[in-house]
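Please look through the structure below before reading on.

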Amino acid sequence: MKTKIFISLVLLLLISLIVANSCSKLEQGNDSLNTESYTKIPLKLWYKQPANEWVKALPVGNGRLGAMVFGSVDNERIQLNEDSLWDGKPTERNNPEALDALPEVRRLIFEGKNDEASKLAGEKMMGIPPRIKSYQSLGDLRLIFQGQKQYTNYRRELDLDTGIVTVSYEAGNSLYTREVFSSAPDQVIVIHLICDTPGGISCSITIDREENAQTQVIAPNKLMLNGQCGDDGMKFEAHTDVRIKNGNLTALGKNLNVSGADEVTIILAAATSYRNQKDLSGDPSAKCRECLVKVGKKSYENLKQNHIYDHLRLFRRVELNLGESAVSDLPTDERLAAVSEGADDPLLVVLYFQYGRYLLMGSSRPGCFPANLQGIWNEHMKAPWNSDFHTNINLQMNYWPAEVTNLSECHKPLFDYMQSLVEPGNRTAKIHYGADGWVVHHLSDVWGFTTPADGVWGVWPMGAAWLCQHPWEHYLFTGNTEFLTNTAYPMMKGAAEFLLDYLIKVPEGHPFAGKLVTNPSHSPENSFLKKDGTKSMFTYGATMDLLIIHDLFTNCIEAIDIMGDTSESAFRNELKTALERLVPLQISPRTGCLQEWIEDYNEPEPGHRHMSHFYGFHPGDEITFEENPELAKAIHNSLERRLSNGGGGTGWSRAWVINFYARFLEGDEAYKHLKYLFSKCTLPNLFDTHPPFQIDGNFGGTAGIAEMLLQSHAGYIHLLPALPAAWPKGYIKGLRARGGFEVDMQWENGVPVKAIVHSQNGNLCRIRCGVPVTVTSNGKKIKTDSGQPNILEFETKPGKSYSLTVQAD
């Protein structure tokens with residue numbers, strides 16, 4: 001066994017060297033950060049005991065196949081997921097009565113008859129039926145070990161750097177070790193068991209599922225789980241290939257039994273019959289067999305090597321170090337408890353940040369579905385909120401870290417999914433609203449669901465427009481004009497076409513008569529109190545709608561200008577005219593806050609989890625302190641009011657608060673809420689909790705940490721914009737900035753001492769860093785200009801790197 005461990009370490013070292021070379025920055029010359037004095041951080045979640053519940057298990061994933069490893073010594077459970085496995089089937093969900101009801105709903109809302117409008121919309125405008133089915137667990141792989149209830153020196157860990165979960169313990173006089181990973185290049189989950197005593201492994205292996213499935217042995221070394229969701233739903237299968245070194249492998253009932261083996265390797269393939277929204281004719285059995293044939297001649301070490309190489313290629317693009325931590329040697333759950341008691345743990349921040357990147361890599365790879373409410377990890381047949389694609393913030397938040405943390409490829413599943421919604425969204429736009437373009441409401445699934453769902457709050461036709469911020473952001477970070485022209489802009493234009501048709505003039509006799517508003521409208525999931533004391537959600541021209549429209553229309557106009565497409569001139573003019581006619585944003589004279597609705601309503605829940613009317617400040621960029629300080633101040637007032645009334649109580653909401661304070665350049669406040677996220681909204685395995693578990697808070701928290709260190713939304717790169725006092729010294733490598741830049745930087749005593757900017761596209765670089773700097777490239781001083789106070793700008797060339805060094809006093 002020691003020889004195998006040595007070989008594995010050598011392979012890992014060689015892979016690391018290859019990946020380090022392949023992931024090296026663009027031309028750097030002799031410039032680099034001086035990080036020799038920093039202790040390298042082991043990026044591991046680890047525990048002294050097995051997981052006794054799902055939220056303590058450790059995740060592995062390859063974008064399509066996920067697993068949660070419990071690490072039990074005598075009765076191991078590895079819960080499995082396949083990203084396309086949903087209940088339901090292709091169904092027409094549009095409501096033919098919706099369009100006829102729309103004018104009356106609008107009239108009632110304009111006349112202040114909100115209850116009547118809500119009742120009519122609930123009867124006539126909802127999808128048929130107004131519910132979706134759930135994303136489901138594939139099942140559980142179980143390993144039963146006899147005679148191992150007594151053990152010592154137990155350790156369970158997830159190494160973020162390799163993407164491998166390891167369980168080790170001693171029983172009797174033997175050391176037992178398990179490794180589990182989900183391989184993206186080979187599209188299998190791999191479980192490897194080893195013992196340092198020859199013949200020391202004996203166990204029983206099976207797969208089971210809570211419902212709608214059966215297990216059978218299909219070959220001397222193969223198990224199969226197969227089933228179907230309902231009578232005419234999706235078919236699914238999982239096949240295992242069990243390999244042993246020495247010992248015996250026999251079949252009994254639904255189990256494969258291993259006795260006296262030195263090593264055991266279990267390779268699991270899984271698939272469904274899903275082909276697209278309308279087609280369930282795929283053959284999951286053939287897919288599983290084909291996958292296992294492809295890896296049939298690959299050894300465990302080869303599978304592991306392929307996995308690690310692929311994993312490191314993405315994971316090691318970003319490196320963060322925030323100094324020392326007094327509790328860093330403790331198990332992860334104990335570190336969380338220490339933070340809850342008030343301890344500072346900068347290295348836990350690093351671990352959480354990199355864990356967010358790890359989870360995005362594990363739940364969103366090209367060719368897969370995007371990360372849903374639980375990424376891909378879900379143990380339920382009927383998941384909370386169906387583990388759906390929630391498009392009134394949650395799906396979008398999942399992808400906030402994608403570009404800035406250098407995982408641009410992981411953004412692609414979202415774009416592919418959006419494109420799959422365009423056709424059904426076109427039908428819904430036409431049938432429900434008589435409009436061109438495409439629409440998505442507040443949730444969707446793998447069946448192309450685009451109609452209103454759940455209740456009248458589901459009549460929120462802004463989901464597609466918000467989603468369209470993401471391909472635009474991808475263009476801003478990458479500068480990929482082909483992507484802009486062929487992928488981003490067509491989707492953006494379609495969403496804008498819908499909104500142009502959906503906007504309606506405010507009638508005479510109302511404030512802002514003649515201006516354009518959305519109707520019906522609401523601020524996601526929140527309600528207000530009318531003057532007569534009644535509560536309502538329905539209104540017209542909710543602030544978030546106006547902000548999303550402004551964001552989309554201005555992005556479309558800029559895209560048209562970048563592409564230089566004169567055939568879009570008329571559409572550009574239409575967008576510009578609509579922008580000029582939108583109802584303006586308003587500040588409440590009562591509270592000094594940005595109004596959430598077109599009227600200055602009171603709120604029954606002033607600490608509501610959604611802070612939708614802040615959209616233009618974050619994730620949008622319409623409102624900044626430089627451009628519109630009064631609106632920015634009003635949003636700050638709104639945020640303080642929300643929090644003072646108990647807002648931010650859910651994990652994802654608290655993560656959004658971190659991002660807000662980072663944009664406000666208030667690092668200590670952002671850090672305070674990051675610690676709150678750790679202490680109140682983080683589960684033992686570092687999953688975010690709403691409660692229950694939702695992965696959006698992990699991604700929002702990761703994005704918030706990046707936002708504290710680097711911002712680029714305001715037309716310049718801002719170094720350390722919201723650095724808290726708790727992180728006086730540190731460095732980060734590999735963060736991405738809009739304009740096609742990659743940034744490394746180092747700071748001491750709370751101020752930057754050096755930064756290196758790598759230019760991908762040769763754009764003008766504009767930097768705000770708060771201290772005088774000298775810019776060089778390959779040792780040569782670069783001419784700089786100061787376009788505005790505290791901002792330095794200089795020309796760059798594609799593929800070149802530029803070193804910014806603080807000038808001596």
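**Sheet, helices and cavities**

In strand β15, L256 is the bridge partner of A251. This is a predicted model, in which local features need pLDDT of at least 70 and side-chain atom pairs count only at pLDDT 80 or more, while totals for chains, interfaces and linings use all residues. Residues are numbered from 1 along each chain as its sequence is written, and side-chain values use heavy atoms, with hydrogens and water left out.

β15 covers residues 255-261 and pairs with β14 in the antiparallel sense over 5 bridges. Strands (E, at least two residues) and helices (H or I, at least four) are DSSP runs, numbered from the N terminus, and two strands pair if DSSP finds at least two bridges between them. Both strands belong to an open sheet of 7 strands with antiparallel pairing, in the order β2-β3-β4-β5-β10-β15-β14. At the edges are β2 (58-61) and β14 (248-252), each of which pairs on one side only. From one strand to the next, the twist averages 20 degrees.

Helix α2 (residues 98-110) packs against helix α3 (residues 114-124) at an angle of about 170 degrees, with the axes 8 Å apart. Axes are lines fitted to C-alpha atoms, for helices over the stretch in contact, and angles run from 0 to 180 degrees between N-to-C directions. Because angles over 145 degrees count as roughly antiparallel, α2 is roughly antiparallel to α3. Among the residues of α2 that meet α3 are V105, L108 and I109, and those on the α3 side include A117, L120 and A121; contact means heavy atoms within 4.5 Å.

Across the whole structure, a search finds 8 cavities of 30 Å³ or more. A cavity is a set of points on a 1 Å grid over the protein atoms alone where a 1.4 Å probe fits but cannot get out, and lining residues have an atom within 4 Å of a point. Grid points are joined across faces, edges and corners, and a volume is the space filled by probe spheres set on the points.

The largest cavity has a volume of about 270 Å³. It is lined by 23 residues, of which W400, E473, F477, E707 and R738 are the closest to its centre. α12 gives the most to this lining, with 4 residues.

The second largest cavity holds about 160 Å³ of space. Its lining has 18 residues, and C593, L594, E596, E603 and R641 are the closest to its centre.

Definitions and conventions
On a 1 Å grid over the protein atoms alone, a cavity is a set of points where a 1.4 Å probe fits but cannot get out, and a pocket is an open set with protein on both sides within 12 Å along at least five of seven lines; lining residues have an atom within 4 Å of a point. Angles under 35 degrees count as roughly parallel, over 145 as roughly antiparallel, 65 to 115 as roughly perpendicular and the rest as oblique.
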